[in-house]
Amino acid sequence: MGLQYMKVLHSNAERSEAITLFPDRQITVDILIKSIGDQSPHPVLSPPRFEVLNALSKAILKDAALTKLAPWTALAYWLRRSAVTRLASDFDKRLPQGTIAAPRGCAVHLPPQNVDTIFIYSWAISFLMGNLNIVRLPARLGAHTKTAIVHLQAALADRGLEESNLFVQYPSESDVNRALFSIADLRFIWGGDAKIRALSVVPAKPNCLTLPFSDRFSFSILDCQAYDRANETERDALAASMFFDVYQFDQMACSSTRLIFWLGSQKEAAKENTKDLSQRLVVQAASRAYAIAPQTRMEKFAASNRAAIDLGVERVHDSSPHVTSVELCDLPDIREIKPGAGFLFFKHVNNASEIAAFVRRKDQTVTHFGFDADALKRIASELLVSGVDRLVPVGSALNFDVIWDGFDLMAQSSRLVKVQV
Amino acid sequence: MGSLTVQNSPALTQFNDLMLASQWSVPQQDKETLLLSGLNDLSKHHSANCKEYGRITNALWDRFSAARVEDVPFVPVSLFKSHRLSSVPHEAVRMTMTSSGTTGSSLSKIAIDHETTSRQARSLNASISAVVGGKRPPMLVVDSETVVRDPKLLSARGAGVLGMMRFGRDHCFLLDGDMKFRREALRDWVAKHQGTPILIFGFTFLVWQFLYSFTQEDKLDLSNGVLVHSGGWKKLQSEAVSPDVFRASFHQSSGLSRIYNFYGMVEQMGAICLEASDGFLYPPNIADVIIRDPATFAPLAPGKEGLIQMVSLVPTSYPGHSVLTEDLGVIEYIDRGVDGRLGKALRVIGRLPKTELRGCSDVVAASLAA
């Protein structure tokens with residue numbers, strides 16, 4: 001008891017620590033907490049919220065610097081009024097009978113330092129559900145991200161909502177997290193296992209719900225025969241989609257494809273297909289001028305050498321700086337091997353149960369190619385017992401969705417109020 | 001010296017042939033012919049006797065009988081940090097050398113047998129005696145004796161010091177176990193050897209930090225000395241000390257003008273690239289450098305900057321005969337004949353710069369605990 005009391009005192013004493021309110025206003029934690037405390041949440045899915053998101057979408061689409069980059073364009077489309085309206089009506093349909101959704105209160109978002117659009121998705125969903133939001137921005141912000149936040153703050157200010165949505169920066173070693181958690185009803189912790197472990201021990205408000213986004217692994221299942229049948233144009237289209245899944249965020253996002261299964265009975269065909277698809281990915285990477293840092297290239301080469309020693313490898317194709325393809329004989333746990341930037345494992349399997357035996361709870365996204373709805377459902381039902389949170393077509397791995405990591409983020413950002421007549 | 005070497009030891013014939021010529025006297029073309037044949041022997045030997053290396057050549061390389069030196073399979077230098085690779089039976093390993101490396105705290109672990117030790121010593125001897133002379137002069141070591149105390153497990157620094165100590169006598173260590181200056185001992189030693197040629201060896205940053213300041217304060221006359229140093233300029237560059245400043249400063253403070261830098265690594269002991277009067281570094285007869293494009297790994301022509309690959313006929317006990325380093329360099333010219341030296345003239349640029357990839361997982365997570 002005494003110790004806990006001391007901790008409270010300690011956290012109070014630290015509350016004069018400085019926070020930067022984006023872009024450059026210095027305030028103390030105390031002032032921030034007081035000012036957000038003066039605000040109140042709004043009803044879920046209220047019209048001004050759609051307007052803010054739509055305005056942000058428009059601003060991004062008008063900004064040539066941002067629309068050059070796929071992640072920002074994708075975000076802008078995701079925020080459009082029509083898209084958000086669909087999200088809202090889908091959410092309404094999911095609501096249990098006799099309930100009304102209400103905001104949770106104050107949400108604290110701790111997005112990853114290195115994936116620049118995530119914090120906007122995280123914020124947008126919580127915002128839509130009527131919550132107050134404090135978003136900790138990455139320590140180093142790229143020019144594009146800064147531009148996007150300026151658009152975002154302008155859209156909020158137009159509706160008088162800027163005081164209830166704060167975008168802040170503060171040093172990681174400070175005690176600000178502790179102070180913010182003390183007023184949080186909801187906290188989003190992105191950024192992997194180590195960060196979650198470090199932060200989830202920091203006490204929060206007793207009723208606070210924590211959504212942890214841990215380290216994940218993602219792979220792809222391609223139908224071997226479908227690839228055999230595909231013509232040049234179809235194969236190129238698949239490679240273009242696969243390129244997006246693999247190289248967006250340097251293959252270091254949770255949803256980035258890192259292993260490709262060829263499902264089918266023809267092992268030799270699978271080998272041919274590995275070569276063919278790898279070659280097409282090389283063409284994609286080269287034509288899009290994907291830049292690879294020398295250190296990363298070296299790390300890929302080193303990883304393929306280590307894999308040859310440790311894993312039971314049939315063949316490594318490493319002739320291009322862009323694509324290193326490692327053909328596995330067996331199926332060891334390769335989840336921790338991630339040099340990034342185009343390092344792909346390939347494995348031929350005869351049936352989905354071989355994949356199911358490999359699946360762990362850590363696995364997040366499965367992209368697929370060449371399966372009809374029935375085949376896909378059969379595969380999904382085999383895999384999902386052990387893990388896997390989403391199955392989407394090749395090319396959609398990084399498309400953000402309100403159903404993420406097994407959470408319904410809209411539902412988690414709100415609470416259910418039972419209304420009985 | 002090679003009396004104990006096994007007759008059928010791989011690449012021994014080519015090694016001996018190259019050692020017959022005086023150091024740096026073999027024209028590039030002739031050198032490559034002998035190196036190629038020796039390197040192919042070594043690839044075969046290591047594939048057969050080191051199962052890890054065999055797996056690598058199987059998975060990554062179409063053939064290990066190369067038609068050109070540039071086609072000889074190469075392994076990344078970091079592999080010696082993640083794996084202990086040996087091509088000889090456990091009981092044949094005489095010692096394991098270690099080095100701190102580029103990737104944090106991991107160490108290279110190099111298994112050395114008698115044959116490899118012998119080749120290291122023979123090649124190193126040919127290089128150092130070429131600049132020091134045949135007789136073993138009194139030697140000043142700019143380091144502490146503690147780094148050579150346990151020869152069973154040597155650090156890169158210790159291995160370097162121990163390897164060099166054979167070229168001098170009456171060794172004086174400049175530093176004590178706490179890396180403190182042994183001022184009195186040094187004064188006595190210098191007085192004792194006044195007027196005779198002396199050999200000085202140390203790592204570049206230690207030589208600068210300790211010996212240079214001493215020559216300044218004590219007006220030491222080292223004009224009879226030969227300084228051999230190694231270990232990179234990174235720490236000195238932050239103090240804005242270039243190779244030229246380094247040379248000029250010593251010359252001015254103590255008259256020391258015979259200064260030889262060399263490029264070497266624990267994974268390539270015996271194959272040091274030693275500086276000539278043009279300031280460039282020359283690989284010994286039994287080794288060579290290849291510069292590769294950092295992205296495609298294609299071999300590059302002289303004048304083009306890229307990754308340094310070292311090939312050497314020294315390592316028989318571990319598969320290090322062809323190693324791609326993480327250092328950047330450039331071949332300035334070939335067979336120019338500066339100081340009578342033939343072959344490739346290397347300039348080392350520095351380490352490959354570190355990069356940070358994007359991703360969902362925060363690297364600095366541990367420090368986030370509030």
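The lining of the second largest cavity comprises four nonpolar, two polar and four charged residues. In this classification Ala, Val, Leu, Ile, Met, Phe, Trp, Tyr, Cys and Pro are nonpolar, Asp, Glu, Lys and Arg are charged, and the others, Gly among them, are polar. The model is a predicted one, in which local features need pLDDT of at least 70 and side-chain atom pairs count only at pLDDT 80 or more, while totals for chains, interfaces and linings use all residues. Residues are numbered from 1 along each chain as its sequence is written, chains are lettered from A and ligands numbered from 1 in the order in which they are written, and side-chain values use heavy atoms, with hydrogens and water left out.

A cavity is a set of points, on a 1 Å grid over the protein atoms alone, where a 1.4 Å probe fits but cannot get out; its lining residues have an atom within 4 Å of a point. Grid points are joined across faces, edges and corners, and the volume is the space filled by probe spheres set on the points. Four cavities of 30 Å³ or more are found. The largest has a volume of about 70 Å³; its lining includes Trp190(A), Phe213(A), Cys254(A), Trp404(A) and Cys360(B), and divides into seven nonpolar, three polar and one charged residue.

Chain A itself is assigned domain 1 (2–214 + 405–418) and domain 2 (217–403), with bounds that come from an automatic or database domain assignment. Their contact (heavy atoms within 4.5 Å) takes 19 residues from domain 1 of chain A and 12 residues from domain 2 of chain A. Between them the two domains bury about 1200 Å², 67% of it on carbon and sulfur atoms; buried area is the accessible area (1.4 Å probe) that two parts lose on being put together, summed over both.

Between the chains, 50 residues of chain A are in contact with 40 residues of chain B. Gln295(A), Met298(A) and Ile309(A) supply 19% of the area that chain A buries against chain B, more than any other three residues. Chain A and chain B together bury about 3900 Å², 60% of it on carbon and sulfur atoms. One salt bridge is counted between these chains: the side chains of Asp62(B) and Arg315(A) meet at 2.7 Å, N to O.

How values were computed. 1 Å grid on protein atoms, 1.4 Å probe; cavity = no way out; pocket = protein on both sides within 12 Å on 5 of 7 lines; lining within 4 Å. Salt bridge = Lys/Arg side-chain N within 4 Å of Asp/Glu carboxyl O.
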